[in-house]
Amino acid sequence: MDRLIVEGGQRLSGEIQVSGAKNAALPILVSSLLSPHTCVLENIPDVVDVRTMCQLLGVLGATTSWDGPRLLIRTETLKSHEAPYALVSTMRASILVLGPLVARWGEAIVPLPGGCAIGSRPVNLHIDGLRALGAEVRIQHGNIHVKAKRLKGARIAMEPSSVTGTENLMMAAVLAEGVTVIENAAREPEVADLAAFLIKRGARIQGCGTNTITIEGVEALNDGDHHHRIMADRMEAGTYLIAGAVTQGDVTVHLPSPDLLDDICTTLHATGAELSRNHGSVRVTMDRRASAVDVTTGPCPGFPTDLQAQMAALLSLAEGVSLVTETVFENRLTHVSELRRMGANITTNGNQARIVGVDKLSGAPVMASDLRGGAALILASLAAEGETIISRVYHVDRGYERIEGNLNTLGANVRRVKSNNA
Ligand code: UD1
């Protein structure tokens with residue numbers, strides 16, 4: 001498995017084109033299952049999770065083909081409604097096939113995803129929501145088995161709000177009989193991007209971006225090819241902005257809707273970074289050591305949990321004491337022990353990290369244990385003295401396209417090496 005070797009200490013400077021959002025691409029890919037028409041998707045990021053989702057769609061009988069940066073998905077010929085454990089166990093977002101499969105085919109079998117590095121991550125909201133829509137759900141032999149002749153609209157209250165839970169139930173409700181109201185729905189922009197694609201295809205959905213989403217079921221989606229361009233990846237963009245700040249550099253990220261980055265820009269500004277924004281880009285410049293800030297994650301419009309670890313890397317080098325509080329996942333501070341190996345002064349108490357900024361980090365062998373935690377280690381290594389060797393980079397490859405290529409374009413010194421050991 002691959003490792004990254006990072007020679008730290010370079011000030012990053014330059015421009016990056018932000019990729020399509022993994023977390024919008026995955027549900028949008030799955031939503032192709034809702035109709036027999038070809039979906040033509042632009043700006044799909046070429047990351048491992050997307051490849052895994054294409055594999056899963058292939059097992060179900062869909063065909064996916066890349067045409068340059070476009071992905072074409074054909075779903076007239078589905079042959080299975082069962083997701084294999086081997087794929088679900090590598091990617092929890094596989095659970096997203098439940099709603100569309102049962103809505104269009106009346107039946108779906110998806111293995112229960114187990115826990116993962118960042119917590120137990122239950123799927124009760126997906127299951128309870130489908131039951132509320134009239135499906136018969138049985139859990140047997142580790143599988144979720146869902147059946148329904150036709151789903152029926154219902155009022156569903158989510159607690160807590162779940163991103164993929166909202167997406168799954170929204171896709172299920174699109175073809176249900178009657179009206180579904182999802183209360184305390186996730187407000188993340190990726191949910192709205194999925195809704196925008198479904199609406200183009202004839203779904204009747206209102207309220208995306210608010211916490212009440214109303215879906216009026218239709219018998220079938222429109223005929224004809226369905227086209228969509230995936231929104232930009234705000235987590236990738238945020239990661240490169242933090243890379244600019246942590247190396248006291250000057251980094252511009254290009255994306256069509258820079259307002260997606262408002263929350264991260266506000267927090268970076270509080271650390272002392274200069275931010276400027278125009279129609280299609282955001283630029284960060286940092287000419288001194290960061291100042292400490294407190295960060296508390298929360299569902300949208302709160303600070304995204306998917307940028308918490310990267311902020312912790314920046315705050316490890318800040319002047320003063322920062323408190324980072326993770327409220328979305330129960331165990332999302334696994335990067336802390338690795339940052340400590342690089343000289344960070346961090347203590348944890350439950351889901352809170354108290355970071356006493358140090359004036360330098362030093363390169364060390366470290367191990368990624370999840371996608372964003374891995375990104376945080378890369379950011380820390382860019383600013384550290386000497387060489388850092390980051391193993392288990394496959395976590396990072398799940399969600400970042402060409403990460404070392406992009407960083408090297410900005411002036412970093414990152415090398416990928418193949419290794420037989422994780
Ligand atoms: C999605 C994102 C992930 C991001 C997360 C939070 C995708 C593919 N992944 O994950 O990158 O970190 O949102 O923004 O979009 N919960 C339950 N029961 C459920 C479902 C969730 O209790 O049935 C809890 C979770 O344990 C967690 C909280 O709800 O505490 C939010 O999780 P959720 O929004 O579901 O995360 P994902 O959709 O899995």
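On the side of domain 1 that touches domain 2, seven residues are nonpolar, five polar and 10 charged (Ala, Val, Leu, Ile, Met, Phe, Trp, Tyr, Cys and Pro are nonpolar, Asp, Glu, Lys and Arg charged, the others, Gly among them, polar). Please keep in mind that this is a predicted model, where local features need pLDDT of at least 70, side-chain atom pairs need 80 or more, and totals for chains, interfaces and linings use all residues. Residues are numbered from 1 along each chain as its sequence is written, and side-chain values use heavy atoms, without hydrogens and water.

**Domains**
- Domain 1 takes in 2-19 + 232-418, and domain 2 covers 22-229 (bounds from an automatic or database domain assignment).
- Their C-alpha centres are 30 Å apart.

**Interface**
- Here 22 residues of domain 1 contact 18 residues of domain 2 (heavy atoms within 4.5 Å).
- Two salt bridges cross between domain 1 and domain 2 (a side-chain nitrogen of Lys or Arg within 4 Å of a carboxyl oxygen of Asp or Glu).
- Asp49 and Arg398 form a salt bridge, with their closest N and O atoms 2.9 Å apart.

**Ligand**
- The ligand is surrounded by 17 residues, with Asn124, Ser162, Thr164, Asp306 and Val328 the closest (a heavy atom within 4 Å).
- A backbone N or O atom of Leu125 lies 2.7 Å from a ligand oxygen atom.

Conventions:
A polar contact is a pair of N or O atoms within 3.5 Å; within protein, one must be able to donate a hydrogen and the other to accept it, and residues adjacent in sequence count only if both atoms are side-chain atoms.
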